[in-house]
Amino acid sequence: MDAPTSHRGKHLVQADRRFLTGNGLFARAMGAGFERILRRIDTGLERGAIDGTLPDGTRRMLGGRGPGPTAIVKLNSWHALVRLARSGSVGWYKAWEQGEWESPDPVPLFDLFVRNRKGLGSTARASGISRLVNAALHFLRRNSRSGARRNIGFHYDLGNDFYSAWLDETMTYSSALFAEPLSTREHLCDAQQRKMEHIADRLQLCEGASVLEIGCGWGAMSRHLAQEKGAQVTAITLSEEQKKHTEQLRGNLPIDYRLIDYRDVEGQFDAIASVEMVEAVGRQYWPAYLDAIVARLKSGGRAALQYISIADDVFESYANSADFIQTYIFPGGMLLSESRFRKLAEERGLKWQDQHDFGLHYAETLRRWRASFDKAVEDGGLPQGFDSYFVRLWRFYLMYCEGGFRGGGINVSQVTLIKQ
């Protein structure tokens with residue numbers, strides 16, 4: 001494996017420098033309790049099973065009492081279980097990176113963790129001092145105006161050449177909407193176009209309508225609104241790399257790309273589109289985000305949102321710690337509690353209408369991205385500077401998210417908000 005020298009993406013690989021990952025003398029002293037940890041996992045797996053090989057070479061089946069996926073896991077060190085018990089998904093990733101556990105396909109394992117979240121309880125979540133320290137560090141990365149720009153740059157400014165190496169030709173970095181029933185044959189680009197069309201249809205635009213897009217990514221949605229619907233679009237981002245890309249492809253379309261925070265936009269618009277941006281807002285700023293939608297919409301105006309949510313039954317435990325994604329991938333990020341977010345929206349006079357959930361479509365999108373990413377790595381298509389540490393981190397991220405959507409504890413939805 002490459003030595004961790006200076007390279008692109010190093011800030012992601014080393015994002016845990018102050019976080020607790022289940023290492024240290026105290027954690028090692030917990031090693032004697034590994035049998036208790038295995039029993040807790042076995043008891044908590046009400047659906048599906050883990051076919052495990054232990055460090056001493058013995059095999060052990062955990063769960064298996066109800067239908068569900070079977071994950072194959074080889075524990076190379078008992079310390080992996082200690083990391084899991086002390087630092088949750090942060091420690092579990094660190095154990096994988098250190099070679100303390102392996103699997104031919106980790107996706108079913110992540111699926112099982114989420115599918116059995118009630119039975120497992122806190123088994124796979126950070127506890128004790130690890131939870132407190134990691135939650136405090138996550139809070140320090142909250143999305144104030146300066147923090148939001150820093151957090152967005154952390155992830156999205158890895159480089160347009162990096163993302164173009166494995167995203168589809170639309171450069172769309174959000175869930176596609178596939179035809180039903182889901183098929184592995186449909187081209188990802190076609191499914192992304194369908195997603196954009198559904199968002200546009202929710203806005204009921206007339207020719208020349210003014211639209212604000214909050215979080216424009218690499219510009220596919222804004223170009224669709226301008227080219228296919230005749231809209232006058234103001235599209236905002238905090239990523240300098242994204243803004244460069246969008247301006248290169250704008251041509252003569254009536255789109256104004258701005259590097260600006262959603263809280264600083266002025267004026268009113270006929271409609272607002274925001275696709276998977278609210279996850280980068282953070283719970284503390286949900287009211288400000290919704291206040292901005294209300295202030296920027298004309299009376300009777302429509303906002304179309306696509307958002308990722310986490311099941312309410314685990315939201316508080318999730319919100320009171322910092323998981324793998326928040327530590328390494330999206331600092332300041334927070335999945336929605338749909339019930340809490342909807343309540344805030346309705347309190348502001350926004351009518352919640354036509355919600356459509358399609359979580360398994362995101363699982364398929366992530367599977368496609370991982371296949372494309374793996375091919376780029378194999379063919380030497382990634383830009384120079386990304387070493388094997390980063391490649392393993394990124395693959396873990398894509399597998400971790402896919403398993404979450406397959407397990408049903410994470411969902412993606414579209415909804416229309418109407419200003420009354």
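## The largest cavity

Fifteen is the count to start with: the largest cavity is lined by 15 residues, and Leu38, Ile50, Leu62, Val73 and Leu75 are the ones nearest its centre. Several elements each give two or more residues to this lining: helix 3 (34–44), strand 1 (49–53), strand 2 (59–63), strand 3 (70–75), helix 4 (79–97) and helix 5 (107–115).

Please keep in mind that this is a predicted model. The volume of the largest cavity comes to about 150 Å³. Its lining holds 12 nonpolar residues, together with 2 polar and 1 charged.

## The second largest cavity

Let's look at what surrounds it. The second largest cavity is lined by Asn143, Asn151, Ile152, His155, Tyr156, Ala280, Ile329, Phe330, Pro331, Gly332 and Gly333. Helix 8 (residues 145–156) provides the largest share of this lining, with 4 residues. By class, the lining of the second largest cavity has 6 nonpolar and 5 polar residues, and no charged ones.

## Where helix 14 meets helix 16

Now for a helix pair. The axes of helix 14 (residues 312–319) and helix 16 (residues 338–347) come within 9 Å of each other and cross at roughly 90°, so helix 14 is roughly perpendicular to helix 16.

On the helix 14 side, the contact involves Asp312, Phe315 and Glu316, which meet Glu338, Ser339 and Arg340 of helix 16. Sorted by class, the residues in this contact are 4 charged, 1 polar and 1 nonpolar.

Key
Residues numbered from 1 in each chain as written. Predicted model: local features only at pLDDT ≥ 70, side-chain atom pairs only at ≥ 80, totals over all residues. Heavy atoms only, no water. 1 Å grid on protein atoms, 1.4 Å probe; cavity = no way out; pocket = protein on both sides within 12 Å on 5 of 7 lines; lining within 4 Å. Points joined across faces, edges and corners; volume = space filled by probe spheres on them. Nonpolar A, V, L, I, M, F, W, Y, C, P; charged D, E, K, R; others polar. Axes fitted to C-alpha atoms, helices over the stretch in contact; angles between N-to-C directions. Parallel < 35°, antiparallel > 145°, perpendicular 65-115°, else oblique. Contact = heavy atoms within 4.5 Å.
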